[in-house]
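Subject: Structure for you to look through

Hello,

Here is the structure for you to open. Please keep it on screen while you read my notes below.

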Amino acid sequence: MEKLIIACAITGAETTKEQNPALPTTPDEQAQAAYDCWKAGASLIHLHVRDDGGKPSQSVDRFRDAIEKIRKKCPVIVQISTGGAVGEKIENRAAPLSLKPEMASLNTGSINFGDEVFLNLPKDVEFLARRMKELAIRPEIEVYDYGMLEYSLKIMGKGIIPNPSHFQFVLGTGHGISGEARNLCRMADALPEGCTWTAAGIGRYQLPVAAQSIVMGGHVRVGLEDNVYWSKGVLAKSNAQLVERVAQLAQTLQRPVANVDEAKKILCLS
Ligand code: KMH
Ligand code: ZN
């Protein structure tokens, strides 16, 4: 089995400080959170940014500031979000790609999200994928449902996304596939040879999905974007606390954790 990549989604677009005061929302807070996660065993940070009022933003300047501050503190892989917040215009979602981060998320289908629709029209998926190809940015293919996975494989066959690709299975949003063990098995089994995957369990699914990914040979994403709790009714103290738990679990299960250089190799980053 490959070493385990631990990714942390430190901020997200929908989580608020009211839900968990430990949520990092300024570039300084995000840089500190990234550093703490790296020290705890994370090699990749999935990054959203916020404006001065704490609202989700796709501002290039804000992404630049956050990335520079993270880079000053630690060598983690920074993966920017092109998902943004529900309802964000596609041009704004693409804008921070101009910063040429090592990786960016690429959502390959539309899905209900809370009470709204997270819209990812085929033409917009293609537009983002093309832009990432032009700028040599490795996409992480975000899938929330089995059908979205099948569609991703279809567009991989057409050369729209790289073959092999790295996938993110997001389980338990409430509108897509749930975090039941059999669902993760099915999704992982559907991937062609050479593809790699990380799984993120939302809310109460975060810990069981992490444990399952460790034993299945996948990689793990945790973080306050996906889950603000440590256990039922108890808030997580920080992103790093959630990362540390995964690192400990991996150690118990005897799966070594990848450092940043090892993670880059696994993810085909130069
Ligand atoms: N905020 C969600 C609607 C991504 O980062 O690419 C989308 C999201 C996915 O967080
Ligand atoms: Zn995200």
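Is N183 buried or exposed? N183 is buried, because its relative accessibility is 15%. Buried means under 20% relative accessible area, exposed means over 50%, and partly exposed is in between (1.4 Å probe, protein chains only).

Some ground rules come next. This is a predicted model, where local features need pLDDT of at least 70, side-chain atom pairs count only at pLDDT 80 or more, and totals for chains, interfaces and linings use all residues. Residues are numbered from 1 along each chain as its sequence is written, chains are lettered from A and ligands numbered from 1 in the order in which they are written, and side-chain values use heavy atoms, with hydrogens and water left out.

Back to N183. It sits in helix α6, residues 181-189. Helices (H or I, at least four residues) and strands (E, at least two) are DSSP runs, numbered from the N terminus. N183 and D145 are 38 residues apart in sequence, and their C-alpha atoms are 9.3 Å apart in space.

Helix α5 holds Y146. Y146 is buried because its relative accessibility is 18%. From Y146 to A200 is 54 residues along the chain and 15 Å between C-alpha atoms.

Now look at the loop between α5 (146-157) and β10 (166-171), where S165 is found. S165 has a relative accessible area of 0%, so it is buried. Its side chain reaches the backbone oxygen of P162 at 2.6 Å. That is a polar contact: a pair of N or O atoms within 3.5 Å; within protein, one must be able to donate a hydrogen and the other to accept it, and residues adjacent in sequence count only if both atoms are side-chain atoms. P164 lies in the loop between α5 and β10 too. A cis peptide bond joins N163 to P164, with omega at about 5 degrees.

Ligand 1 has 14 residues around it. Each has a heavy atom within 4 Å of the ligand. The closest are E14, S81, G84, S105 and N107.
- S81: a side-chain N or O atom at 2.7 Å.
- H48: a polar side-chain atom at 3.0 Å.
- G83: a backbone N or O atom at 3.4 Å.

Next, the largest pocket. It contains about 630 Å³ of space. A pocket is an open set of points on a 1 Å grid over the protein atoms alone, where a 1.4 Å probe fits, with protein on both sides within 12 Å along at least five of seven lines; lining residues have an atom within 4 Å of a point. The lining has 29 residues, and E14, T15, F113, I202 and E225 lie nearest the centre. Strands β6 (103-107) and β8 (116-118) each supply at least two lining residues.

How many disulfides does the structure hold? It holds zero. A disulfide is a pair of cysteine sulfur atoms within 2.5 Å. The sulfur of C37 has its closest cysteine sulfur in C8, at 3.8 Å, so it is too far for a bond. C185 is 17 Å from its closest partner sulfur, in C195, so that pair is too far as well. C37 is buried at 0% relative accessibility, while C185 is partly exposed at 31%.

K100 is exposed, at 56% relative accessibility.

Best wishes

Note on methods: Grid points are joined across faces, edges and corners, and a volume is the space filled by probe spheres set on the points.
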